[in-house]
Amino acid sequence: MVSKKIVINNPSGLHARPASVLAQAAGKCNSDVTIVVGERTIVAKSILNIMAAAIKKGTEIELRCEGTDEEQDLEKLAALIESGLGE
């Protein structure tokens, strides 16, 4: 398993549009992708799980990938989140 801590910089946090972008990108990964927010661990391949977590701007998350391509998946997803998920 590999992980990286990232601060969410989207002005409205991970609302529907960026949550959708993240879930779709995570769905294409061979690894199991989870997000740790505080004491909660959520599956990043589900837009509903991401939206239900109500992750706001400035929140630090830990992105975790575990599987055959975990390092590449972590790098790709971390770059996507850090770039603002298309916003």
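Reader: Okay, as I get it, buried means under 20% relative accessible area, exposed means over 50%, and partly exposed is in between (1.4 Å probe, protein chains only). Which residues are buried in H1?

Author: Pro18, Ala19, Leu22, Ala23, Ala25 and Ala26 are the buried ones in H1. A word on the basis: this is a predicted model, where local features need pLDDT of at least 70 and side-chain atom pairs count only at pLDDT 80 or more, while totals for chains, interfaces and linings use all residues. Residues are numbered from 1 along each chain as its sequence is written, and side-chain values use heavy atoms, with hydrogens and water left out.

Reader: And what do the H and E labels stand for?

Author: They are DSSP runs numbered from the N terminus: helices (H or I) have at least four residues and strands (E) at least two.

Reader: What do the buried residues of H1 pack against?

Author: E2, H2 and H3. Contact here means heavy atoms within 4.5 Å.

Reader: How far apart are the end C-alpha atoms of H1?

Author: 16 Å, which agrees with the 16 Å that its 12 residues should span at 1.5 Å a residue. The expected span is 1.5 Å times one less than the number of residues.

Reader: New topic: the strands. In what order do they form the sheet?

Author: The order is E1-E4-E2-E3, in an open sheet of four strands with antiparallel pairing. Two strands pair if DSSP finds at least two bridges between them. E1 and E3 are the edge strands, and each pairs on one side only.

Reader: How many bridges are there between E1 and E4?

Author: Six. Lys5, for one, stands opposite Glu62 in E4. E2 and E4 are joined by five bridges, and Asp32 has Glu66 in E4 as its bridge partner.

Reader: What about E2 and E3, how many bridges there?

Author: Four, again in the antiparallel sense. Thr34 has Val43 in E3 as its bridge partner, and Val36 has Thr41. The two strands form a hairpin with two residues between them, and Gly38 in the turn has a positive phi of about 60 degrees.

Reader: Which residue other than glycine has a positive phi?

Author: Ala54 does, with a phi near 50 degrees. Most residues other than glycine have a negative phi. Ala54 lies in the loop between helix H2 (47-52) and E4. At 47% relative accessibility, Ala54 counts as partly exposed.

Reader: And the core? Which residues touch the most other members?

Author: Ile35, Ile55, Leu63 and Leu77, out of the 26 residues in the largest nonpolar core. Such a core is a set of buried Ala, Val, Leu, Ile, Met, Phe, Trp, Tyr and Cys residues joined through side-chain atoms within 4.5 Å. E1, H1, E2, E4 and H3 each give two or more residues to this core, and H1 gives the most, with five.

Reader: What does Leu63 touch?

Author: Leaving aside neighbours within four places in sequence, Leu63 has contacts that include Val2, Ile6, Val33, Ile35, Leu74, Leu77 and Ile81.

Reader: Let's look at Val33. Is it buried or exposed?

Author: Val33 is buried, because its relative accessibility is 2%. Val33 is part of strand E2, residues 32-37. Not counting residues up to four places away in sequence, Val33 touches several residues, among them Ala26, Ile42, Leu63 and Leu77. Val33 and Leu63 are 30 residues apart along the chain, with 7.3 Å between their C-alpha atoms.
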